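Here are a few exercises to work through with the model open on your screen. Try each task before you read its solution.

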Amino acid sequence: MNQKILKLENLLRFHTICRQLHSLYQRRMLAQWRHVFSSAYLVWTAQLYPQPWQTHALIRTALSQHRLLVTKKEKKSQKSQLSSTKSKKEVEVWIGMTVEELARAMEKDIDCVYESLLNTAVDIDSLEAHSHLDEVWIKEVIKKSGMKLKWSKLKQDKVRENKDAVKRPQADPALLIPRSPVVTIMGHVDHGKTTLLDKLRKTQVAAMEAGGITQHIGAFLVSLPSGEKITFLDTPGHAAFSAMRARGAQVTDIIILVVAADDGVMKQTVESIQHAKDAQVPIVLAINKCDKAEADPEKVKKELLAYDVVCEDYGGDVQAVHVSALTGDNMMALAEATIALAEMLELKADPTGPVEGTVIESFTDKGRGPVTTAIIQRGTLRKGSILVAGKSWAKVRLMFDENDKVINEACPSMPVGIIGWRDFPSAGDEILEVESEPRAREVVHWRKYEQEQEKNKEDLELIEEKRKEHQEAHRKAREKYGTLHWKARSFIKYKIKKQQQPLKPKEKAGGDSNVLPIIIKGDVDGSVEAILNIMDTYDASHECELELVHSGVGDISENDVNLAETFHGVIYGFNVNAGNVIQQSAAKKGVKIKLHKIIYRLIEDLQEELSSRLPCIVEEHTIGEASILATFSITEGKKKVPVAGCRVQKGQLEKQKKFKLIRNGHVIWKGSLISLKHHKDDISVIKTGMDCGLSLDEEKIEFKVGDDIVCYEEKEVLAKTSWDPGF
Ligand SMILES: Nc1nc2c(ncn2[C@@H]2O[C@H](COP(=O)(O)OP(=O)(O)OP(=O)(O)O)[C@@H](O)[C@H]2O)c(=O)[nH]1
């Protein structure tokens with residue numbers, strides 16, 4: 001989630017940088033104007049002091065003399081420049097920076113530095129990009145460019161003390177006690193994951209004396225008659241698993257791989273196996289839909305051998321349980337197989353000391369505010385504990401289980417809803433208990449600072465990338481100017497730039513038309529994350545850009561509608577609502593709101609929306625085909641017109657439609673007929689099995705016996721996006 005937000009922020013920052021580069025370009029043109037007009041004076045001073053560019057005693061003397069030559073008028077203008085420093089751009093500089101570094105810090109072309117030093121004692125012709133500049137010249141360049149100088153604090157920033165909170169070292173084995181397994185159910189679409197989870201959850205509800213309504217908290221506990229417990233994660237399968245893994249959160253101990261006995265191993269079955277292998281998590285195989293007549297569990301087991309999943313019957317160590325999630329058949333056997341595997345894994349945790357855990361989901365609960373569900377992995381969570389996760393912290397006000405029952409303690413492997421968060425942590429964020437509120441604030445502050453640093457670094461990299469491109473273009477342009485003097489080069493460049501008119505806003509808007517800006521809203525953090533992960537697979541930007549404007553948790557708001565209106569975007573909601581007022585407002589503003597309850601339907605809808613933005617494709621529909629049996633020519637006036645004697649093999653030939661001539665599988669002509677005859681009669685249509693003579697609107701084409709003539713029509717059909725999200 002954070003990564004997505006970061007991406008969006010980067011996008012916005014990138015736009016800002018592009019705007020800055022554009023205005024830089026305009027300023028640059030202005031600067032070149034000035035130099036063209038003042039070049040006479042500049043040449044004179046440069047020749048007067050043909051000194052090396054680095055300061056030494058001689059140059060200092062020369063400089064002081066040069067300063068004496070400055071007129072009163074110039075002094076006045078410099079003074080007024082100084083008095084307006086408040087509004088000037090600030091440039092961070094340091095002692096010993098190179099010409100290139102200074103240009104970069106100023107966000108200007110390297111030539112701007114040369115230009116600024118032109119009327120000084122510096123011999124700019126011997127000044128290279130990597131040459132170090134003395135303090136006096138750095139100041140001079142900044143002053144001449146109308147900017148404000150700021151000495152870099154880089155060193156101070158680097159030594160800022162790390163205030164992050166980290167996990168404790170591994171626990172003393174003597175403190176470890178057995179814990180229940182945490183299980184994720186994975187498998188191909190429609191193989192029955194949801195049904196299986198529901199059945200397991202209901203088994204639990206039925207097993208509870210009081211019954212009750214189960215809450216969706218991203219995970220639930222199943223207790224077996226033997227007293228053993230299993231924690232099932234029920235966040236959107238792969239996506240949540242991948243998101244957690246991406247953050248280095250290893251929450252799952254066992255994967256139950258669901259394969260439908262009537263369908264066998266499919267694409268996402270193989271992906272699930274890969275996920276399990278990558279994370280080194282063992283598998284229990286649930287062969288589902290065994291109630292169906294066409295079920296073939298043995299076939300499934302055989303197919304899995306190709307993916308190194310070897311069931312016990314085949315001499316391997318993977319337990320396979322034949323189940324029916326629909327009827328509930330063998331649910332207990334599946335739970336027992338999971339427990340058996342967990343026992344082999346000897347899962348243990350330390351229930352003492354500060355808590356460590358992982359965020360499963362975050363969502364807003366009406367009346368309760370931000371709620372985070374988590375799996376505790378170490379220590380015991382109690383009311384009043386102070387926690388940090390990502391860039392958020394909490395003082396635990398209330399804890400509850402999936403049955404909405406308030407609990408006072410949560411031990412390792414327990415799923416728990418936590419209330420008291422100041423902000424939303426993201427799925428997969430590591431939860432750590434800290435000693436006090438000030439310490440929690442300090443950690444969050446440090447993490448935000450660190451993120452800011454990271455952002456700055458990215459910005460710099462982006463600028464650097466742009467700069468390199470610019471430098472490369474500049475180098476190439478320079479090659480063109482050969483051995484011309486710097487000032488002559490500058491003048492030519494100015495003339496070229498003047499000819500290049502900047503793009504008008506209207507043209508720009510036109511160029512952006514194949515962009516689909518979207519806003520994603522979901523009921524919980526995990527579902528938004530799942531959708532965003534699917535969107536990460538988008539690879540059809542060449543057809544239509546998919547631009548994520550905003551994503552978040554909660555119902556569709558007026559703000560979302562306003563955003564969509566501004567960006568001409570579409571709002572997608574997963575398991576959320578859009579109230580009447582919002583719907584009306586969206587309709588008024590022409591904003592589409594698309595609400596879904598199944599992720600892949602939402603993605604299908606997105607694919608349709610993307611497809612609708614593509615230009616139509618023209619498809620050829622064959623009406624009839626004929627083969628050429630004889631060729632001859634007739635004389636019309638002075639012209640000889642080639643004629644093909646044909647037999648219609650399929651469909652019919654219609655004179656008014658389009659035709660093509662095919663030789664050895666290659667189309668050698670496309671166009672219209674000028675005549676179509678049956679014996680001597682002109683006809684408009686000729687059907688299968690009949691012979692005809694025809695001539696083309698292109699007289700230079702020579703028919704050959706064995707060629708084919710195809711009569712067809714063109715139809716515009718809607719294009720389909722080439723993006724395949726993989727299901
Ligand atoms: N006959 C039979 N049908 C089943 C069984 N399990 C699930 N189904 C049906 O198969 C279809 C898909 O089941 P889901 O539980 O939604 O499958 P899923 O894997 O969660 O699908 P996604 O959420 O789309 O990935 C539904 O119509 C279920 O009723 C079973 O054991 N037997």
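**Exercise 1.** Find the ring that the charged end of Lys660 sits over.

*Solution.* Start at the tip of Lys660: its charged end sits over the ring of Tyr712, 5.2 Å from the ring centre. The rule here is that NZ of Lys or CZ of Arg lies within 6 Å of the ring centre and within 35 degrees of the ring normal. Next, go to Trp393, where Arg422 lies over the face, 4.1 Å from the ring centre.

A word on the source: this is a predicted model, where local features need pLDDT of at least 70 and side-chain atom pairs count only at pLDDT 80 or more, while totals for chains, interfaces and linings use all residues. Residues are numbered from 1 along each chain as its sequence is written, and side-chain values use heavy atoms, with hydrogens and water left out.

**Exercise 2.** How many aromatic pairs does a search of the whole structure find?

*Solution.* The search finds 3; a pair means rings of Phe, Tyr and Trp (its six-membered ring) with centres within 6.5 Å, stacked if the planes are under 30 degrees apart, edge-to-face if over 60 and tilted for the rest. One of them joins Tyr538 and Trp723, edge-to-face, at 5.2 Å centre to centre and 75° between the planes. Now trace the chain: Tyr538 is in the loop between helix H16 (525–535) and strand E20 (545–553), while Trp723 is in the segment after strand E31 (708–717), 185 residues apart. (Helices, H or I with at least four residues, and strands, E with at least two, are DSSP runs numbered from the N terminus.) Finally, check burial: Tyr538 and Trp723 are both buried, that is, under 20% relative accessible area with a 1.4 Å probe, protein chains only (exposed is over 50%, partly exposed in between).

**Exercise 3.** Is Gln319 buried or exposed?

*Solution.* First locate Gln319, in the loop between helix H11 (297–305) and strand E9 (320–322). Its relative accessibility is 18%, so Gln319 counts as buried.
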